[in-house]
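Subject: Structure handover and salt-bridge findings

Dear colleague,

Please find the structure below for your use.

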Amino acid sequence: MSDESTFLLFSETELAGLPTEFLQSLDKAENGRFKVYLRSRHVIPVLELCKIGTTRKTVAVAYGKRGGEANPSVLKSLIQLRHKLARLLSYSNYADYAVAPRMAKSSSKVFEFLEDISASVNELAVRELDMLKDLKRKEEGEFPFGNEDLLYYMKRVEEQYLDLDFGALKQYFPINLVLPGIFKIFQDLFGLRFEEIADVEVWHSDVRAFSVFDLSSSELLGYFYLDIHPREGKYGHICVVALQNGSLLSNGARQIPVALLISQCQKEVDDHPGLLRFSEVVNLFHEFGHVVQHICNRASFARFSGLRVDPDFVEIPARVFENWCYESFSLKLISGFHQDITKPIEDRMCESLKRWRSSFSALKLKQEILYCLFDQIIHSTEDVDMVKLFRDLHPKVMLGLPMLEGTNPASCFPRSAVGFEATCYSRIWSEVFAADMFASKFPGGLLSQYIGMQFRKKVLALGGSKDPIDILSDFLGREPSIQAFVESKVQASL
């Protein structure tokens with residue numbers, strides 16, 4: 001898939017609806033037609049913005065064929081070898097082997113979880129899909145609605161009903177204002193104090209180092225580095241790296257945890273204010289949550305410290321923190337118009353962001369569940385016809401929408417092949433239980449240090465030293481539930 005170089009040729013008329021600057025960025029063939037490569041940077045804009053249904057379908061079908069001849073046999077071979085490994089270790093299938101050490105415990109529990117979530121949002125997803133179908137009938141007549149239409153009509157509804165301009169929104173998020181705002185939220189919530197270390201030896205002049213202290217006792221809890229600006233040769237993704245885990249030493253002292261946050265945020269220079277897209281703000285907030293998660297861990301052994309926790313659990317705290325990116329008071333705290341930082345983001349923008357977050361959330365979730373079920377089935381049953389499986393699953397999960405004819409989604413779904421085999425469900429899992437914690441303990445985005453300290457002591461401090469279900473139950477005062485997640489989807493749609 002990384003070597004995919006196929007492109008499709010379209011006239012300007014066939015690409016109607018796409019902005020001029022996008023068309024100008026495309027290469028042209030000798031006949032003057034535009035080259036649309038089967039890469040997300042080209043495909044997503046076409047599927048979201050192109051008014052011509054036949055163009056969207058042509059692109060969607062070609063995109064769904066990537067790796068079509070080579071990848072199915074590779075994936076099949078991988079699955080057979082994984083099942084062989086699982087049986088050698090006395091598991092009935094690879095899915096049970098992969099899930100056993102996680103919160104979910106068994107493949108059957110994963111199936112139950114995914115089916116419960118899917119069923120719980122069915123009614124909302126039907127309403128969302130009907131809205132899209134109605135809009136297509138108004139714009140294109142009685143042509144059947146297909147998968148190629150989902151992104152385009154979602155975008156059309158958002159344009160009609162959401163007063164949200166992400167270009168204008170970006171003007172309110174200069175990096176030199178966002179970062180101190182994020183620091184303040186985490187300090188206030190968890191009783192922490194961050195102090196920048198001057199004249200520290202670092203690997204690049206852009207890198208900054210900080211000490212973290214407990215606010216009440218002034219105890220040193222840990223250190224973190226921020227390497228958040230792009231440069232040539234630097235790792236290109238956003239992530240947190242645990243440089244040293246906290247633990248108890250043999251003399252009774254504590255080994256101090258050290259974390260590194262790597263990102264690619266534009267820096268402020270004389271002619272550039274270093275503005276962040278809203279997605280970058282959310283990512284930065286999420287990853288800094290992992291920094292705090294790493295440093296607030298108080299497990300005795302490094303094996304259970306920092307981010308070395310159950311893989312189903314590790315993203316839950318950071319997903320809880322993400323919720324404050326959509327609350328008006330916290331948005332105002334981390335924002336300010338770059339030409340006058342005393343003017344924070346406007347209330348209407350905050351409301352639009354909250355509505356945008358929930359727009360078509362059930363349909364989007366259904367699409368993700370489809371792939372998670374596929375991943376779980378192929379890793380729990382040997383020798384499955386993957387094309388037939390997708391063809392059967394698609395209408396069942398996606399409310400009657402058939403799979404695009406001629407495509408093979410299994411051939412271009414790398415998560416099942418590398419890195420997330422039998423565990424694709426985990427992203428939804430963490431989102432569901434994070435929603436339960438946020439709704440139950442921080443209603444309305446309440447920034448309570450009392451609850452924050454409970455979270456720090458009962459959730460973050462324990463790390464991997466206690467069963468995650470017990471951690472969540474102790475913090476919530478009951479067994480965790482999917483109900484808050486489902487209610488958040490339904491209520492946001494009203």
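Arg348 is partly exposed, at 41% relative accessibility (buried means under 20% relative accessible area, exposed over 50%, and partly exposed in between, with a 1.4 Å probe and protein chains only). Its salt-bridge partner is Glu346, with 2.9 Å between the closest N and O atoms; a salt bridge here is a side-chain nitrogen of Lys or Arg within 4 Å of a carboxyl oxygen of Asp or Glu. Glu346 is likewise partly exposed, at 32%.

Please note that this is a predicted model, in which local features need pLDDT of at least 70 and side-chain atom pairs count only at pLDDT 80 or more, while totals for chains, interfaces and linings use all residues. Residues are numbered from 1 along each chain as its sequence is written, and side-chain values use heavy atoms, with hydrogens and water left out.

The count comes to 32 salt bridges. One of these joins Arg87 and Glu382, whose closest N and O atoms are 3.0 Å apart. Because Arg87 belongs to helix H4 (residues 71–88) and Glu382 to the loop between helices H15 (361–378) and H16 (386–397), the pair ties together parts that are 295 residues apart in sequence. Helices are DSSP runs (H or I, at least four residues), numbered from the N terminus. Arg87 is partly exposed at 42%, and Glu382 is partly exposed at 40%.

Asp312 and Arg102 form a salt bridge at 2.7 Å, N to O. Asp312 is buried at 0% relative accessibility, and Arg102 is buried at 13%.

Finally, a network of salt bridges links Arg56, Lys136, Glu140 and Asp149.

Kind regards

Terms used. Helices (H or I, at least four residues) and strands (E, at least two) are DSSP runs, numbered from the N terminus.
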